[in-house]
Amino acid sequence: MEGFGIDAEEYIAAVRAGAIDPHGATALELEASLEAFDREWRERLLALSDAEVDELARSGSPLPLMPTAVEGTSEQQLRLDAQFAGRMRALEQQSARIEGERRALMAEHLQRALDDGRDSGVAIRELASLAAVELRVSHRGLERRMTEAWQLVRELPAAHESAAAGRITVGHLRVIEAETRAVRLDPAIEPHEREAVEAELVRIAEATTPGRLRARAKRAVQRVLTTPLQQRHDVARERRAVELHDRGDGMCDLVAHVPAALGAGILDRLTQAARGKPKDDPRTADQFRADALCEVLLVGVVPDDAHGVSPLRAHVAITIPATELLRDEGTPGLPFPAALDGRILVDRATARWLAGGASAWERLFTDPVTGVASTVDTYRPSAAQRRWLLARDGGCRFPLCAAAGMRADLDHTLDWARGGATSLDNLATLCRGDHVLKHASGWRMRQLGHGVIEWTTPLGATLVDEPVPVGPTFADLRAAAPPGEPAPPSPDDWWSARVEPDPQLLRYVCGQSTGMAWERGLAPPRES
């Protein structure tokens with residue numbers, strides 16, 4: 001670095017303070033590189049005789065390089081891969097900072113327009129039109145962007161700051177903005193609760209992908225919303241509809257706004273049909289599903305010899321805390337609703353409807369502290385293992401993937417051919433693409449216990465992937481209450497031990513099961 005007129009220590013300090021290295025290196029990586037350079041320099045110096053050192057000092061020539069092995073193809077490939085990944089990281093950080101500055105700029109000047117005493121609508125529209133002329137874009141579109149930036153900077157400052165610093169992407173920020181909208185609009189939620197939810201989502205976002213963040217955000221938001229999920233679902237269900245959107249070239253999008261359990265069943269039935277199509281059928285799975293959907297809706301029932309959809313029954317896997325089935329309507333209980341494929345929250349009425357028609361039940365035991373699935377009682381190991389892993393993993397366990405697990409593969413962490421056992425502590429859910437990637441590339445994985453998986457990239461970096469809780473967690477918070485001043489009874493305090501729960505319910509939940517999971521054939525409920 002000194003050869004370029006840059007002091008190495010000052011450069012590393014600048015990166016530590018927030019500067020972006022052009023190649024995406026962190027301060028720790030630069031320090032390691034500098035230490036490696038110093039070691040090599042000392043080795044080169046010690047390899048010279050006193051006469052050679054004197055000659056180099058007189059002539060000002062650089063130290064000769066140490067003999068090194070010729071770089072092989074694999075070493076070159078790894079070096080180029082590392083350069084690509086580092087440069088991509090640097091560009092993403094630079095883009096995030098530019099986007100953060102743009103967001104802050106729009107928010108600052110929109111606030112200035114609000115404060116100047118004129119009609120705010122006219123002032124904002126005028127400001128947007130001035131910038132729109134320079135950018136050659138629609139002033140209405142720019143006005144909308146300014147409003148969104150102002151709301152985000154004011155209402156989600158921690159998420160804005162993390163995105164502007166490059167710790168999360170714009171995709172993460174959009175998920176946080178969308179998933180917290182209900183929290184920010186609920187006047188009954190205290191400001192500190194909103195801040196806690198935002199902080200939790202930012203922490204998760206800095207360690208995972210937008211897809212996985214969306215699934216975990218629903219749980220975090222559900223905990224603080226004052227309107228129960230059942231009431232929100234009842235209102236949302238009244239908006240069910242079917243829409244048609246023109247997409248040009250004689251094509252359209254047919255959009256059905258229906259309850260999640262029914263939508264999952266519809267897709268599952270079409271997917272089963274696609275998997276059973278003849279081998280000589282040239283259509284892709286997506287094309288087959290689209291054709292089958294049209295024929296089912298237009299003809300009513302598809303003949304068995306056409307696509308084979310009619311004899312198929314949809315299967316939906318849903319995890320339901322036992323308390324959702326034990327307590328009566330209107331009674332307090334665990335703020336931990338049922339979930340479809342571990343991702344979509346399901347209201348209590350739908351959960352009970354699915355439970356009532358289930359042909360097979362399976363108790364699922366979860367860890368009372370982490371909420372992660374721990375074991376299952378069953379006498380059918382192979383089928384039970386798949387259901388248990390689906391409940392524990394929720395979907396593909398590759399650290400960058402958010403694919404659902406219903407159609408995923410069960411992978412042996414330690415290959416069967418190398419002595420790996422077909423046991424729960426040596427199996428994990430991987431989608432087909434990532435299953436192939438794990439075996440055909442330099443990615444490696446090992447299980448650390450309790451569902452935690454450590455992945456190692458081909459470049460040597462490690463990523464730890466933890467399963468998402470599928471059951472409620474229990475914590476004793478009595479020590480946090482002021483002495484002599486017990487907190488007033490509240491339904492949400494049952495499981496923080498500030499208020500004693502129903503002993504019969506507690507014995508059932510702790511002694512028997514904290515959740516239930518099953519599969520059932522799905523048919524739409526009849527309207528009363």
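A residue is termed exposed when its relative accessible area is over 50% and buried when this area is under 20%. The close-up views below are taken from a predicted model.

**View 1. Asp249 in the loop between strands S1 and S2.** The backbone at Asp249 has a phi near 55°, a positive value in a residue that is not glycine.

**View 2. Arg136 in the loop between helices H5 and H6.** Because its relative accessibility is 73%, Arg136 counts as exposed.

**View 3. Val183 and its contacts in the fold.** Val183 belongs to helix H9, which spans residues 181–185. With a relative accessible area of 2%, Val183 is buried. When neighbours within four places in sequence are left aside, the residues in contact with Val183 are Ile189, Arg194, Val221, Val224 and Leu225.

**View 4. The pair Val183 and Arg194.** Val183 and Arg194 are separated by 11 residues in sequence, and the distance between their C-alpha atoms is 6.6 Å. Arg194 is also one of the contacts of Val183. The Val183 member of this pair is located in helix H9 and is buried, since its relative accessible area is 2%.

Note on methods. Residues numbered from 1 in each chain as written. Predicted model: local features only at pLDDT ≥ 70, side-chain atom pairs only at ≥ 80, totals over all residues. Heavy atoms only, no water. Helix = DSSP H or I, 4+ residues; strand = E, 2+ residues; numbered from the N terminus. Buried < 20%, exposed > 50% of the residue type's maximum accessible area, 1.4 Å probe, protein only. Contact = heavy atoms within 4.5 Å.
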